[in-house]
Structures are given as structure tokens and as C-alpha cells.
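This report covers selected local features of one model.

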Amino acid sequence: MNHAFKIFTLCAMALSVPVTASAELLALLNYESKVGRPNRHEGIAVIDVDPNSPNFNKIIKDTPLPPDFVAHHIFYNRDMTKAYVTSLGHSELYIYDVAKFPDSKTIVPVPDCKVGEDLTFSADKKRWFLSCMGSSNIIVGDAQTDKPIATVDSGDSTDKFIKYPHGIMLNGELDRLFVTSTVNPNDPKDAGETVTIIEASTQKILSTHKLSTKPSPSGEAPVEILFAPGQNPPMAYIDNMYGGTLWTATWRPQSRDFGFHQVFDFVGTGQSLPLEMGFNDKGDRLFVTTAKPGAFNIFDITEPYEPKLLATIPTAGGAHHFVFSPDNRYAFVQNSFINLPEMDDGSVSVIDMTRNKVVATIDVLKKAGLTPNCIIAMPSWHKHVQ
């Protein structure tokens, strides 16, 4: 697999057991109490998401987290042996041995990181890069020892900077690290409008680019970036959360930089807050979730610079992360966007991709007054032992 793909693409591929009547498809979901519930609770649950399984919508394993951890994302390392949990509340990473989950856990202090968001990993399995939205920097870690080894920040620069970083993506072939500027976690109205490009090997900030056609400060809030498979020259999609737009970043070999273009606007679709993105195996479909009112969008990207919206499948408020079954029959969409009002449904929508329709709902957390913040597939070799 091209290592420029976002890590959740690896996670989607991890659901590689056949869908049969006796099969199970296990997923990790980190969760928290809904706002207003007494005795705030956080944890990570293993849930069977296969609608054909007798254990469908059941919690197989569960492990608590500190109630102020505010677990946000879960990422696998390259060989999918470790699961990294980022925290909005602690300057720490929780790292689980997937084979022994949840019994083997390492807590890694990351003192220079506030509001840890996304992780990306190098293909040689030597480095990880963590975006820190609250401290406006990037932490570089040793992916073998998991110790932080460097901090990348803007220094005194005003034109090449890292600000409120959320999305982070490494393209190892180009030696380039992309970082989006999203929002100030202390003031969501203070939003960024740029992406920053870093030379990964030297950790040198090369350039910062505005992703908006509006006057500054536009508050577009670029949130995620994902390199499209099979494109030559390499190109990536970037979605603007507040701006409701999709942009492309295309590598220009002669000048060794990127050109940026807006290619889609969600205005007129009745949707806002585009969040997560992903591709099909063939690379001719782009999937994008929107949190409000909650939907799963399917784009034809046969012409990558002219994405065509094929279908919008309503899910529930807060549609965010998603994974696929190994046969691509089902998509599983987690419905909660940082527990915000009208975007905290707490369910997972099961979409039949042959019918473009929600056919089942995973609501075991919702019924308990909890809401998931992320869904990630368990590796196929990880089996539930009765």
C-alpha cells in the first residue's frame, strides 16, 4: 500500500474476515459520557459491528480511561500491532498492544503537546508525527521506543508557521509532511485557513498556504488531508470544516512544491462541517462525512479535479469517522463530533454500500448514555475468545 494513504485506510483494510452468518467484525470505539450526564465516564470498547453476527451490537471487551482524558482518535502503527490513543485533555499518548488489548498498555508523556490530535507514521516504521492543536506544534517520536525525540514549531516566523494543527499526513516518497490549521481549542470561533508543508527528514517548515478564496481571516478551518491513490503527479484532497469545501494539493515536480485548487463546495447540499475522508480500493471513489445534520457522501473522482457527488446517505448527527467491511459491502459511520449539541447522536450507522442505505444501527453505547468519538477496525487476526 502507498504509505501516503491516511492511517484509517489501513484500519479499514484491517476488517479482513469474510462476512458470513457466523463471522464477527470487531471494532474499537473510544467513548465518553454525553454532556449533562452525572459521573463523567470514558473508555474504549470492542464491539462486534457485523450485522450478520449473533454478537452484533454487543460490547465484547471494555476498558476504562481517566474521566478527563478526552480520548479523541485511535491510530495503528504500520504493522498494526500497537494502537495509539490521542488525548485532548492529557499531554500523553496511551499505547495498547493490540494482541493483548486491553491488558497491555504504555503511557507515554508528551509534555510539549497540548490537545493531541492526529498521528501519521513513516513507512520505514521509524517515526511517528503527532499534531498538537493546543500548543501549535508537531511532536516527532521514535516509533520503536515511542519516545518523543523532537518538537517542530514556527519559531519566530510569520509566513511559514504551524497554527492550531489538526490533520497531519506524511508522504514519504516526497519527504513532505502536511499539516492543517483548524481551530483554537480554547475558542472555536478562532479558526485557521492554511496548510503547512514540512520537509519530514529535516523537520524544516517549507511553506504555508491559504486555502480560501475569501479575505483573511476567512475561518475556513482546513481539517483533514488525504493523498489520492494512483495519481501521477501525487495529489491530495483537503476538506475545510467551516468553509464546507474540498481542495486539491498537486505536486509540481519542476518547482518541487504544490499547487492548490478548490474543487467542490457543499453549499447547496444542505450539509455542513465536512470531516473525514477515504477512498475505495480502485481509487475512483472519495467518501466524505459531514457532521451536520449527519451524512455519508460518495463522490466519483474519475476526473480527480472535478469530483461528482453521486450519493448522500443520511446517517445521524455528528457523522465523523468510518471504516469498511473487507468485502466493501458495509460502511460503518460513527455519529458524534466531539460531543457537540445536535452532533452527539452516539450511534454507529451501518450502510449497505450496494443499496446506499442505512440498514442497521449500533446503539449499545448510545443506550448507556455514551457517545463514541472514533471507530477503528480491529485487525483480522484479533479474534474474540468466548
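Asp-146 sits in the loop between strand S10 (137-142) and strand S11 (148-152). Helices (H or I, at least four residues) and strands (E, at least two) are DSSP runs, numbered from the N terminus. The model is predicted: local features need pLDDT of at least 70, side-chain atom pairs count only at pLDDT 80 or more, and totals for chains, interfaces and linings use all residues. Residues are numbered from 1 along each chain as its sequence is written, and side-chain values use heavy atoms, with hydrogens and water left out.

Asp-146 is buried, with a relative accessible area of 7%. Buried means under 20% relative accessible area, exposed over 50%, and partly exposed in between (1.4 Å probe, protein chains only). Not counting residues up to four places away in sequence, Asp-146 touches Lys-82, Tyr-84, Ile-95, Val-108 and Trp-128. Contact here means heavy atoms within 4.5 Å. The side chains of Asp-146 and Lys-82 are joined by a polar contact of 2.8 Å. A polar contact is a pair of N or O atoms within 3.5 Å; within protein, one must be able to donate a hydrogen and the other to accept it, and residues adjacent in sequence count only if both atoms are side-chain atoms.

Asn-240 lies in strand S19. Asn-240 counts as buried, at 0% relative accessibility. The side chain of Asn-240 makes a polar contact with that of Glu-220 (3.5 Å). Beyond four places in sequence, Asn-240 also touches residues including Leu-211, Trp-247 and Pro-274.

Next, the nonpolar cores. A nonpolar core is a set of buried Ala, Val, Leu, Ile, Met, Phe, Trp, Tyr and Cys residues joined through side-chain atoms within 4.5 Å. The largest has 29 residues, and Phe-178, Tyr-237, Phe-258, Phe-260 and Leu-286 have the most contacts inside it. Among the elements giving two or more residues to this core are strand S16 (194-199), strand S20 (245-252) and strand S21 (257-265). A second, separate core of 19 residues includes Ile-44, Phe-69, Tyr-94 and Val-98.

What is the volume of the largest pocket? The space in it is about 490 Å³. On a 1 Å grid over the protein atoms alone, a pocket is an open set of points where a 1.4 Å probe fits, with protein on both sides within 12 Å along at least five of seven lines; lining residues have an atom within 4 Å of a point. Grid points are joined across faces, edges and corners, and the volume is the space filled by probe spheres set on the points. The pocket has 22 lining residues, and Met-133, Val-183, Pro-188, Phe-337 and Ile-338 are the closest to its centre. S22 gives the most to the lining, with three residues.

Some backbone features remain. Most residues other than glycine have a negative phi, and most peptide bonds are trans. These sites depart from that pattern:

| Site | Backbone value |
|---|---|
| Asn-232 to Pro-233 | cis, omega near 5 degrees |
| Lys-292 to Pro-293 | cis, omega near 5 degrees |
| Gln-203 | positive phi, about 60 degrees |
| Glu-342 | positive phi, near 70 degrees |

Pro-233 lies in the loop between S18 and S19. Gln-203 counts as partly exposed at 28% relative accessibility, while Glu-342 counts as exposed at 60%.
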